[in-house]
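Visitor: I am new to protein structures. Could you walk me through this one?

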Amino acid sequence: MSRKVLILGGTGQVGRALGRLAWPADVRLDAPARTELDITDAEAVRRRIGLGGYAAVINAAAYTAVDRAEGERDAAFAVNGAAPGVAAEAAASAGAVLIHLSTDYVFDGRAGRPYAEDDAPAPLNVYGASKLAGERAVLAALPEATVMRTSWIVGPDGSNFLKTMLRLARERDAIQVVDDQTGRPTAASDVARAVQAVLLRRLDDPAAPGGLLHFAGAGRATWAELARAVLDASRALGGPYAEVRPIPTREYPTPARRPADTRLAAERITRDYGVRPRPWDEAVAEIVAERLRGTGA
């Protein structure tokens, strides 16, 4: 008997990475495009989950335009805040396992150390507030759900910082990049593998712990350091390169305030699920190589 898994946001970075993984023979993925299932259509989501016979639901869908969210609060909260709660309610009614992805931007970045799952969130911008609302809605509807926070996702799909740096390096000799915001870059493929590990365990063991989990690449970086790692890896493979010129946040004003240091501590997922994040720079080098082989950047 097959176990069906619904992936909301299946065409995004993590959704596509989930689709590329090797899964057990009895697991069947269903990743509808937004044109087929709009997660802001509450009745459609309830109907799909309620009638689909799913063993699990992964919510990888999100409104991720951090700056645009400042002027589109309702849209951000509809996708990031309300929709996850609806999915959790439907999953609870269907008896399905739920994994919901969230973000480091639920924190204000003032702790001066990596954030643990039990630290109090305090988002600085609309995007972070909307994601926090989604976390709370999910856990209110389905307390045993897994809410996995991650950070600075990069990969070969969609729009992300790594791909932007490669594009800009083809157009410019130098790129100014903020150097006073710190986090943990994370490969979309690594997030997918972490989600898979947690999901398969939870399907096999209903007593496996739920609640909040953090997963992010090992180490630390500023955006400028991440940019250098991307472009150094590209240059080593004969790809585009540009000088990275570090600047403070005040010289790159944006509509949304960014937290200064949102490193996520990932000890809990290692302890409970045996998932160990790999160094972020190793993941970045792998993605750059994949991009250069596949598209010529």
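Guide: A residue is buried when it has under 20% relative accessible area, exposed over 50%, and partly exposed in between (1.4 Å probe, protein chains only). Helices (H or I, at least four residues) and strands (E, at least two) are DSSP runs, numbered from the N terminus. This is a predicted model, where local features need pLDDT of at least 70, side-chain atom pairs count only at pLDDT 80 or more, and totals for chains, interfaces and linings use all residues. Residues are numbered from 1 along each chain as its sequence is written, and side-chain values use heavy atoms, leaving out hydrogens and water.

Visitor: How many residues of α7 are buried?

Guide: Helix α7 covers residues 188-204. The buried residues include Ala188, Val191 and Leu203. α7 is mostly covered, and of its 17 residues the number buried is twelve.

Visitor: How far apart are the end C-alpha atoms of α7?

Guide: The expected span of a helix is 1.5 Å times one less than its number of residues. For the 17 residues of α7 that gives 24 Å, which agrees with the distance between its end C-alpha atoms: 24 Å.

Visitor: Why is strand β5 described as largely enclosed?

Guide: On one side of β5, Thr146, Met148 and Thr150 are buried, as are Val147 and Arg149 on the other. β5 (residues 146-150) is largely enclosed by the rest of the structure because its buried residues number five of the five.
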